[in-house]
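Biologist: I have just opened this one and have not looked at it before. Can you walk me through it?
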Amino acid sequence: ASTITKIMKDNLGYFYTHVCEQQALLLEQQRIHQLRNYQATMEAAGLSITFPGHRPLSRAQSSPASASFLPVQEPPTKPRYTTGLVYDTLMQKHQCMCGNTNTHPEHAGRIQSIWSRLQETGLRAQCECIRGRKATLEELQTVHSEAHVLLYGTNPLRQKLDSCVIPMFVRLPCGGVGVDSDTIWNEVHSSSAARLAVGSVVELVFKVASGELRNGFAVVRPPGHHAEESTPMGFCYFNSVAIAARLLQQRLNVSKILIVDWDVHHGNGTQQAFYDDPSVLYISLHRYDDGNFFPGSGSPDEVGSGLGVGFNVNMAFTGGLDPPMGDADYLAAFRTVVMPIANEFAPDVVLVSAGFDAVEGHPPPLGGYKLTSKCFGYLTKQLMGLAGGRVVLALEGGHDLTAICDASEACVSALLGLELDPLSQEVLKQRPNNNAVHSIEKALETQSKYWHSVQRYISRVDCSVLEAQRCDSDEAETVTAMASLSVAAPHMDKGSEDEPMEEEPPL
């Protein structure tokens with residue numbers, strides 16, 4: 001009986017061990033299958049996901065659970081030195097209380113659409129996505145007054161504020177609340193969204209400035225460049241780019257910052273913040289029309305004050321929409337005004353108020369210009385030649401969803417160093433229109449007093465891209481020829497010294 005019992009125990013033990021092995025194998029196969037399905041789903045969504053190799057079954061037989069249910073620990077991965085992106089869905093909650101997004105062009109779909117486009121094209125997977133944060137009240141006060149920060153940066157409204165400030169909010173025709181007909185206010189979410197937009201830009205800018213990331217693009221809202229020290233306007237409450245620049249000065253001691261603002265509207269808030277500061281060069285390209293286009297500021301004669309004279313550059317396009325400005329006009333302005341001055345300034349960091357409302361698709365009240373989205377990729381590429389490539393773009397305006405998605409895709413592609421879609425031959429051969437030429441000449445005439453580099457371009461404003469390239473090529477050949485002559489001249493002199501002098505006949 002004892003022998004039979006022993007045989008039965010051995011058989012049961014063998015059977016149990018065999019069942020455990022089979023169970024472990026089955027669970028391991030299920031785990032691998034699930035991981036592969038998840039990986040395929042993520043890749044279909046534009047995300048690249050890799051998993052470490054699964055634990056060999058031979059090491060897991062003693063405990064099926066150890067192989068099946070305990071996650072494999074991966075070492076923490078070091079962030080890649082690449083293009084950084086920042087985005088947060090909480091910024092979508094800044095919406096008018098009327099609930100009708102059709103009557104408000106600055107709505108949540110703007111950033112949601114851009115983020116989806118970057119994911120669908122696979123660009124997001126090539127970038128480093130960083131976490132945003134809400135800016136502190138102290139950070140906001142580097143540019144804005146304490147009363148402004150408390151009124152729009154805290155929720156709910158603080159009672160410490162004088163009650164006379166509260167009537168700045170008005171009832172809108174749609175039934176919602178705002179500070180003007182454009183700039184809506186949501187008592188529950190607007191302050192958090194606005195602070196998150198600022199903090200996200202600051203986080204990205206600091207990672208680029210400190211060398212952790214190569215460059216970056218901030219997909220944020222509400223925009224900021226119209227927000228002045230104590231005044232919200234034009235969809236803006238806090239000036240994200242200006243605050244980031246101030247904090248770079250204060251915390252990283254960055255000595256020279258370039259802010260390029262290519263939103264179709266002048267960035268009055270940014271100009272105000274640095275108007276007397278020679279360490280921040282502000283260059284804005286915008287529709288001006290002799291002050292008749294919103295916000296009315298940005299005259300070419302506004303050049304700065306005090307020590308900041310010459311460090312405020314307004315490339316102010318005038319002439320309305322007859323014809324509307326296009327790629328050839330902006331490329332000419334970049335070639336003759338923006339890049340020469342920027343190179344002479346030699347910034348340590350470049351921040352871009354990247355509004356895309358100059359792209360074709362925006363009706364006249366919101367822009368009316370006819371730039372292509374791909375043009376902004378080429379403008380980005382030019383700016384990447386500055387500051388060792390430390391360039392950060394922060395979304396400002398732009399309300400046609402197709403236009404802003406196409407432009408964002410072009411800019412991120414440029415930041416990643418990818419090959420850009422070529423500009424058409426028509427654009428390359430096209431000369432800037434007469435209104436653009438007059439506007440550029442006015443900017444050059446004004447700024448040539450402060451920047452020597454622009455003087456050589458005054459006679460070339462009306463050139464097409466191809467004509468300008470030929471001029472540059474001819475100039476380079478001339479310089480090379482002159483250099484070779486200057487090198488050859490000493491040799492000729494040296495040779496003449498070696499020749500014996502003819503003796504003069506005796507007297």
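Biologist: How many helices and strands does the protein chain have?
Modeller: This is a predicted model. The protein chain has 15 helices and eleven strands.

Biologist: And how much of the protein chain counts as buried?
Modeller: Of its 507 residues, 50% count as buried. The chain exposes about 24300 Å², and carbon and sulfur atoms supply 54% of that area.

Biologist: Which residues have the most contacts inside the largest nonpolar core?
Modeller: Those are W262, L285, L351 and F356, in a core of 117 residues. The largest share of this core, eleven residues, comes from helix α10, residues 327-345. In soluble globular proteins, nonpolar side chains tend to be buried together.

Biologist: Take L351. What is L351 in contact with, leaving aside neighbours within four places in sequence?
Modeller: The list is V205, V241, A244, A245, I257, L258, I259, V260 and V392.

Biologist: V392 is in a strand, I think. Is strand β11 enclosed or open?
Modeller: Strand β11 covers residues 391-395, and five of its five residues are buried, so it is largely enclosed by the rest of the structure.

Biologist: Which way do the residues of β11 point?
Modeller: V391, L393 and L395 point one way, while V392 and A394 point the other way. In a regular strand the side chains alternate between the two faces of the sheet.

Biologist: Which strands pair with it, then?
Modeller: Strand β10, residues 349-354, pairs with β11 in the parallel sense over five bridges; V350 has V391 as its bridge partner there. Strand β6, residues 215-218, also runs parallel to β11, joined by three bridges, and the partner of F217 is L393.

Biologist: Which helix makes a β-α-β unit with β10 and β11?
Modeller: Helix α11, residues 373-383, and the unit is right-handed.

Biologist: How does the span of α8 compare with what it should be?
Modeller: At 1.5 Å a residue, the 13 residues of α8, 240-252, should span 18 Å; the end C-alpha atoms are 17 Å apart, which agrees.

Biologist: What follows α8?
Modeller: N253, whose phi is positive, near 55°.

Biologist: Last one. Among contacts between residues at least 6 apart in sequence, what share joins residues at least 24 apart?
Modeller: In the protein chain, 77% of those contacts do.

Terms used:
Residues are numbered from 1 along each chain as its sequence is written. This is a predicted model: local features need pLDDT of at least 70, side-chain atom pairs count only at pLDDT 80 or more; totals for chains, interfaces and linings use all residues. Side-chain values use heavy atoms; hydrogens and water are left out. A nonpolar core is a set of buried Ala, Val, Leu, Ile, Met, Phe, Trp, Tyr and Cys residues joined through side-chain atoms within 4.5 Å. Buried means under 20% relative accessible area, exposed over 50%, partly exposed in between (1.4 Å probe, protein chains only). Helices (H or I, at least four residues) and strands (E, at least two) are DSSP runs, numbered from the N terminus. Contact means heavy atoms within 4.5 Å. Accessible areas come from the Shrake-Rupley method with a 1.4 Å probe; for residues, only the protein chains shown count as cover. Two strands pair if DSSP finds at least two bridges between them. A crossover is right-handed if, with the strands pointing away from the viewer, the path from the first strand over the helix to the second runs clockwise. The expected span of a helix is 1.5 Å times one less than its number of residues.
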